[in-house]
Amino acid sequence: MKNIKDITVGDLVTRDLCGVPMPLKVTAVTDERIICGPWEFDRATGAEIDEDLGWGPDGTGSFIVPSNP
């Protein structure tokens, strides 16, 4: 399984939203973020970033992990 920092465009990840898994495909990667369509995640921790909800690496309700191939 890949490390979160090794995720690249096209990889599959699993979003964990309060214990509910949601498969997502990575559509873009920056130095600081992993983007899966409308969702953005911290590249170091996998925490969802949502400014409207105040989510980020220091507190979030969702995170991603690499999916098994």
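**Strand pairing and salt bridges in a predicted model**

Strands β5 and β6 (residues 48-49) run antiparallel and are joined by 2 bridges. Strands are DSSP runs (E, at least two residues), numbered from the N terminus. Two strands count as paired if DSSP finds at least two bridges between them. The model is predicted: local features need pLDDT of at least 70, side-chain atom pairs count only at pLDDT 80 or more, and totals for chains, interfaces and linings use all residues. Residues are numbered from 1 along each chain as its sequence is written, and side-chain values use heavy atoms, with hydrogens and water left out.

On the β4 side, β5 (residues 39-42) is joined to β4 (residues 33-36) by 4 bridges. This pairing is antiparallel. C36 faces W39 of β5 across it. β4 and β5 also form a hairpin, here with 2 residues between the strands. G37 lies in the turn and has a positive phi of about 60 degrees.

An open sheet of 3 strands has the order β2-β1-β7. Its pairing is antiparallel. β2 (20-25) and β7 (62-66) are the edge strands, each pairing on one side only. From one strand to the next, the twist averages 30 degrees. The axes are lines fitted to C-alpha atoms (for helices, over the stretch in contact), and angles between N-to-C directions run from 0 to 180 degrees. β1 (residues 12-17) pairs with β7 over 5 bridges in the antiparallel sense. Here, D16 has F63 of β7 as its bridge partner.

R15 is also part of β1. R15 counts as buried because its relative accessibility is 6%, where buried means under 20% relative accessible area, exposed over 50% and partly exposed in between (1.4 Å probe, protein chains only). The C-alpha atoms of R15 and I64 are 4.3 Å apart, although 49 residues separate the two along the chain. Beyond its neighbours within four places in sequence, R15 is in contact (heavy atoms within 4.5 Å) with residues including V20, M22, W39, F41, E48 and F63.

Side chains of opposite charge can pair when their charged atoms come close. A salt bridge requires a side-chain nitrogen of Lys or Arg within 4 Å of a carboxyl oxygen of Asp or Glu. By this rule the count comes to 4 salt bridges. One of them joins R15 to E48, with the closest N and O atoms 2.8 Å apart. This pair links distant parts of the chain: R15 lies in β1 and E48 in β6, 33 residues apart. Both residues are buried.

R33, E40 and E51 are linked in a network of salt bridges. E40 and R33 meet through their side chains at 2.4 Å, N to O. E40 has a relative accessible area of 27% and is therefore partly exposed. R33 is partly exposed as well, at 24%. R33 also forms a salt bridge with E51, with the closest N and O atoms 3.4 Å apart. R33 lies in β4 and E51 in the loop between β6 and β7, so this pair ties together parts 18 residues apart in sequence. E51 has a relative accessible area of 58% and is exposed.
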